[in-house]
Every structure is written in C-alpha cells, then in structure tokens.
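Here is a briefing on a single chain.

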Amino acid sequence: MSRTASLSAAALLVGLVAGPSVHPAAASAPPGPTAPAAAQISARHQDSGLAAAIAGLPDADATAALVRVGGREGVWRGSSGVHDLRSHRPADPDARFRAGSVTKVFTAAVALQLAAEGELDLDRSARSYLPDLIPASYGGVTVRQLLNHTHGIPAPDFPGTTVEEWYANRFQVHVPEDMVRSATSKKPEFGPGKRQHYLNIGYTIAGLIIERVTRDSYEDQVARRVLGPLGLCDTYFPGTNPRITGPHNHGYQRMRLDDGTTGLRDVTVWGTTDGWATGDIVSTTADLERFTQALFAGRVVRGPLLEEMFTLPEVTDFKSGEPAAYSVGLSMKVLGGREVWGKTGGRWGYNAAIASTRNGSRTLVYSVNSTDAKGQDMNKVAENIMVAAYGMP
C-alpha cells in the first residue's frame, strides 16, 4: 500500500526539516493589513457578528481565520489575520489547511456507503473483519461501536508527554496496525456499548476494515467515493509528507523555544501519520462547505443509513457522565435553541470545523490557525465564530 511504500522516504526527513521559532515580540500584532481587511462578504448576507468574531487577528489565540457560512439563511465569507508572522501578508482565504478530526466524517461516510452496499455490516464484530489484528478480548466490539465511540478500546501509546517532546518526534512515522496493537494490548476501558469515550482508535480500526473489505487503500476509497464525485479538488491525504502542498497559511504553537523562552513556533511542517483515517486530511473551506452541504442533503450517504449520523447512542460519557454527544461521524450541540450537527478537528497550528442545522438551512465551515490548537479548552476565536453563526449554547 502507498503508506508502506513511502516509509523509507519519510524517514529521511527526520531531523532535516525544522520550523523556525518566532519569539513573543514577533508574535504581536504587526503593522499593516489585518482582519477584516481581507474579508470577502457576500451581497446576499452581511453578519457583523461573524466579522467581529474574526477581527483583530493575529492575537494571542490565533494568527488567521477563514470562515464560510451558507444555506438558505444567508451566505457570508470572511478571512482574517496573516499568511505568516514574518511577512505579515494577509491570510489567503483559499488556503489549504489541516482539518484534523473532520477526517472522521469522511471515514464514517465511506463506511456507511459500504454498509448500504452490503459490503460492511455495522452489527458485525471488528474482529470478524480483522481476526489477525483484533484480539479475542475485544471480540464483542462491533463496527457501529467503533464509529460512535462506544467500543471501550483505549488509546495507543505515543512517544512524549509534552508539546515540546511531540514536536521533537513530529516526523516519526506511525503505522495503523501498530497503533491498533498498542491499544488492544491494554485492558478495555468499559464493555462494548456501555459508555462513550471519544478517541481516535475506533476510526483507525474502521479505516483498516474499509481496506480489508474493499481490497483497496483507505485513501483511494475516499477519493473514489467522496472527493471525486463532489469535485473536492483541493482536498487530499498527505500520507507521510509532513508538508502542506499548495497555498496555505502557516500554523503556530506556543511552546518552549530553543533559547528557553516561551513563544510561538512555526509548526506548519508536521507529520500526521498518527491521524490517518481519524485526522490527517488537508482541505479548504470551499471544499468542506461543498462536502457539508452534500452530506446533509443526503447526496453522500443515501437512504436510511444517513440516520446513523444523526443518532446518538443512549449511553453516558466515560469521563463526564453526561449524555453521549457523538453519533457516527458527527457530534451534536444545542446552539441558539436548535440542534447543530458537525465535527471539529485539531492538528498542531490548525483548528477546523464543519457544522449545519439538520435541514441544512445554515452551514458553517471554519479554519482557525490556533496558537494552542490541541488545548483543553475550545479556541476563543473558534468559539466566537460558532456562537456568531448559531447563537449561544
């Protein structure tokens, strides 16, 4: 498969590509054009709340933001911030970015298409598809439980415990099968279907099942079933290439720098093989908007299986004890008094999201170049965008 064939080439990158450091003084708002100077606002709809949500970038929370709102309730396009903190050029509104866990929606869509074709049974065990990889201790986990995070399989082990250590290991190549072996060598967190714990590992296994039943690569299946039919020409899987190809705005992460101070480091170049079918896709706001609108209109997953994406399991969250918030591929929040379904994603330097009301009347896609994209709390700029688009929780 393509990911295996390129392991040796990717290994050559280790230690050879390093992102430049930007110190706190250089990370402050630069002179010259910033948001909303680069904003593009549709004549059909102008939303001052959205403009305010992305105004004033770069700031402590983000260096750039790209936003698209669509649907029957109106259209808005906006971009803010800078392409990078050295040139201070305005952010490119058409830039590609790492969409992180938005990838899971593509994975779920392919799995549900295969289920509709009779090639995949959501109620069959994952072990029945991957008997050489899934041990008997996880024999009761079904494909549906992988997709709605009720499987109970813990996360695999990765080297490092701090962002600085993860940065040092950013070019390490992770093989999906090895991640599954690491995770399934541990005891279950809970019995299959008993609780919900949002983790990547279920979608890593789902990606491998897609490959097993189709005898094709996961990436090719997504391209053939989703990217090609929808014309998503700026969406791709990077594989072992740690760079974003094509136009893109730089991503930054606050961390300890080489001189011992804390500041922003350019983390645009960072391998994503730990994500694979769970979080490595690269896209644009235009492509993700087209995907979101097609998905909610029933043109990606057709028929009754689409309801799997809008059905929350009747269990509680493993950590909080609150009702489950994740379905197959999506999650749900009540904003402005109505249900909003979608998916957020985070890779170092980048936060992204797709969202829509159930009937598609108002869709939202954003990319925020967050300075702590994988922090415990939602990025402030991203949160303000979501509230401006849909209202308060």
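Just after α10, arginine 215 takes a positive phi of about 55 degrees. The model is predicted: local features need pLDDT of at least 70, side-chain atom pairs count only at pLDDT 80 or more, and totals for chains, interfaces and linings use all residues. Residues are numbered from 1 along each chain as its sequence is written, and side-chain values use heavy atoms, with hydrogens and water left out.

**Overall**

- The chain has 13 helices and 13 strands. These are DSSP runs numbered from the N terminus: helices are H or I with at least four residues, strands are E with at least two.
- Of the 393 residues in the chain, 56% are buried. Buried means under 20% relative accessible area, exposed over 50%, and partly exposed in between, with a 1.4 Å probe and protein chains only.
- Among contacts with a separation of 6 or more, 71% join residues 24 or more positions apart. Contact means heavy atoms within 4.5 Å.

- Arginine 215 is not a glycine, yet its phi is positive. Its place is in the loop between α10 and α11. Arginine 215 is exposed, with a relative accessible area of 82%.
- Histidine 149 also is not a glycine and has a positive phi, of about 65 degrees. It lies in the loop between α7 (143–147) and α8 (163–168). Histidine 149 is buried, with a relative accessible area of 2%.
- A cis peptide bond runs from leucine 57 to proline 58, with omega near 5 degrees. Proline 58 sits in the loop between α4 (48–53) and β2 (62–70).

**Helix α10**

- Helix α10 spans residues 201–214, 14 residues in total. From first C-alpha to last it reaches 20 Å, close to the 20 Å expected at 1.5 Å a residue. The expected span is 1.5 Å times one less than the number of residues.
- Eleven of the 14 residues of α10 are buried, so the helix is largely enclosed by the rest of the structure.
- The buried residues of α10 are Ile201, Gly202, Tyr203, Thr204, Ile205, Ala206, Gly207, Leu208, Ile209, Ile210 and Glu211.

**Nonpolar cores**

- The largest nonpolar core has 71 residues. A nonpolar core is a set of buried Ala, Val, Leu, Ile, Met, Phe, Trp, Tyr and Cys residues joined through side-chain atoms within 4.5 Å.
- Phe106, Ile205, Phe291 and Met309 have the most contacts inside this core.
- Helix α5 (residues 103–116) supplies the largest share of the core, nine residues.
- Apart from this core lies another, of 22 residues, among them Leu50, Tyr366, Val368 and Ile385.
- Leaving aside neighbours within four places in sequence, phenylalanine 106 contacts Val222, Val226, Leu227, Leu232, Ile281, Leu288 and Phe291.

**Second largest pocket**

- The second largest pocket holds about 180 Å³ of space. On a 1 Å grid over the protein atoms alone, a pocket is an open set of points where a 1.4 Å probe fits, with protein on both sides within 12 Å along at least five of seven lines; lining residues have an atom within 4 Å of a point. The volume is the space filled by probe spheres set on the points, which are joined across faces, edges and corners.
- Its lining includes Leu112, Gln113, Arg225, Val226 and Arg302.
- The elements giving two or more residues to this lining are α5 and α11 (218–230). α11 gives the most, with four residues.
- The lining divides into seven nonpolar, one polar and four charged residues. Here Ala, Val, Leu, Ile, Met, Phe, Trp, Tyr, Cys and Pro count as nonpolar, Asp, Glu, Lys and Arg as charged, and the others, Gly among them, as polar.
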